[in-house]
Structures are given as structure tokens and as C-alpha cells.
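Please keep the sequence and the three-dimensional view at hand while reading.

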Amino acid sequence: MTLFSRLLYTIISVALLGASIVLIGVAVWRTSQGFWTGEGALDTMLDAIGLVIIAVAVADVGKFLFEEEVVADREMRRPAEARGSLTKFMSIMIVALSLESLVLIAKTSRETMGDIVYPGLLMLLAVLALVGLGLFQKLSQNATAAVPPDRGEDEEGEAEERPLAIGKPSTHSRRRPAAPAADPA
């Protein structure tokens, strides 16, 4: 089943990358057509920027899926792994929402100011997603700190855990040595 899963995620990642390249091609084509005809060159350029932003977000999602599911080939066994993956994915979405709302604000501010409500709500959604991600980070911080790393895991500079013998004091005691008794002389 692992081989099938890796193959499926590879196909999905390649398809997303292909869609991203097509979106960038459409953006370039529309922009060049707008400049050649001279009609709405700025509008077509803003549309192209929006398409490129979406293309970058799609490519990032494809890259994320490929890295997490094919290259790393791991299941989320620890809270820290799930926390990192979710943070990475949400960061991609938040950046895409923010950039798209900025493009829409620039575009609608040129036309009708009454239409700026939708881009403003999109920006508010991006800010709420960022606040939600920060809240998730804060609340999940204790969960990731409470779970010890796997034994023998030395990849991230973490020391190996060694079990303490029962009845023997730890050599890494944090107590200070007792002060010498004062001389009664």
C-alpha cells in the first residue's frame, strides 16, 4: 500500500505543478495580448498577477505534498510533526490569500469603491487565518513539549534519552551542593 500511496501523491504533485505552469503560461499570454492590443493593459496585468499568485500557491501545495508524502514517507506519529506540517500548509494558504486580496484591492479601487467589500473581507479572512494559526501554535506548544522525542533520535541535535536506574540518583541533578557549615570559632 505504501508504494501505491507514494505513486498517487507523486502523480498529484506533478499534476499540481503542471497546472501551475499552465496558469503562468495563461498569465503571460493574457498580459502580452493586453499590451499588443492596448486595451486594458493594466487590468490584464493585474489579472496576470492574480493568476501567478494562484499558480505559486498551487505549486507550493504540490511541493508540500511531494515532500511530506513521497520524500519524507512518514506518518504523523508525533505532535511536533503534525504541528510543523499544518503550519507549513497554512502559511502557504495565508500568503496566497493575502496577496490575492491585495491584487483585488488594487483592481477594485480603480473601478468602483463600493466593490471593495469583497477584497476587504478576503483580507480579513487572511488575517483571521493568521490569528488562528498563531493561536494553534500557542495552544499546541505544550502538547509538543510534553511528548519526548523518540529514543536514539539525534538528527535535530537532541541528546539520546537514557533510562535512569531505579534507586540510583541521577548524575544530572540540578541541586546545588550544600554550603559548608560555618566554623564555630
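Ser5 is partly exposed, because its relative accessible area is 27%; buried means under 20% relative accessible area, exposed over 50%, and partly exposed in between, with a 1.4 Å probe and protein chains only. Ser5 belongs to helix H1, which covers residues 2-37. The model is a predicted one, in which local features need pLDDT of at least 70 and side-chain atom pairs count only at pLDDT 80 or more, while totals for chains, interfaces and linings use all residues. Residues are numbered from 1 along each chain as its sequence is written, and side-chain values use heavy atoms, with hydrogens and water left out.

**Overall architecture**

- The protein contains four helices and zero strands; helices (H or I, at least four residues) and strands (E, at least two) are DSSP runs, numbered from the N terminus.
- Along the sequence, the pattern reads α-α-α-α.
- Of the 185 residues in the protein, 22% are buried.
- The accessible surface of the protein is about 13,400 Å², and carbon and sulfur atoms account for 66% of that surface; such areas come from the Shrake-Rupley method with a 1.4 Å probe, and for residues only the protein chains shown count as cover.
- Taking contacts between residues at least 6 apart in sequence, 66% join residues at least 24 apart; a contact means heavy atoms within 4.5 Å.

**Helix H1**

- H1 has 36 residues, and the distance from its first C-alpha to its last is 52 Å, close to the 52 Å expected at 1.5 Å a residue; the expected span is 1.5 Å times one less than the number of residues.
- The buried residues of H1 are Ser13, Ser20, Ala27, Thr31 and Gly34, and what covers them includes H2.
- Ser20, located in H1, is classed as buried because its relative accessible area is 4%.
- Apart from neighbours within four places in sequence, Ser20 is in contact with Ala55, Val56, Val58 and Ala59.
- Ser5 and Glu69 lie 64 residues apart in sequence, while their C-alpha atoms are 8.1 Å apart in space.
- Gly38 follows H1 and has a positive phi, near 85°.

**Helices H2 and H3 as a pair**

- H2 (residues 41-71) and H3 (residues 79-111) pack at an angle of about 175°, and their axes are 10 Å apart. H2 is therefore roughly antiparallel to H3.
- In these terms, axes are lines fitted to C-alpha atoms, for helices over the stretch in contact, and angles run from 0 to 180 degrees between N-to-C directions. Angles under 35 degrees count as roughly parallel, over 145 as roughly antiparallel, 65 to 115 as roughly perpendicular and the rest as oblique.
- The contact of H2 with H3 comprises 15 nonpolar, two polar and ten charged residues. Here Ala, Val, Leu, Ile, Met, Phe, Trp, Tyr, Cys and Pro count as nonpolar, Asp, Glu, Lys and Arg as charged, and the others, Gly among them, as polar.
- Gly50 sits in H2 and is buried, since its relative accessible area is 6%.
- Leaving out neighbours within four places in sequence, Gly50 is in contact with Glu100 and Val103.
- The C-alpha atoms of Gly50 and Leu104 are separated by 8.0 Å, although these residues are 54 residues apart along the chain.

**Further features of helix H3**

- The 33 residues of H3 should span 48 Å at 1.5 Å a residue, and the end C-alpha atoms are 47 Å apart, which agrees.
- Buried residues of H3 include Arg83, Thr87, Glu100, Val103, Leu104 and Lys107.
- Lys107, which is found in H3, counts as buried because its relative accessibility is 19%.
- Residues up to four places away in sequence aside, Lys107 touches Leu46 and Asp47.

**Helix H4**

- Gly120 lies in H4, which covers residues 117-146, and is partly exposed because its relative accessible area is 31%.
- Gly120 and Leu104 are 16 residues apart along the chain, with 8.8 Å between their C-alpha atoms.
- Phe136 is also placed in H4 and counts as partly exposed, given a relative accessibility of 28%.
- Not counting residues up to four places away in sequence, Phe136 touches Arg83, Leu86 and Thr87.
- Phe136 and Thr87 are 49 residues apart in sequence, and C-alpha to C-alpha they are 8.9 Å apart in space.
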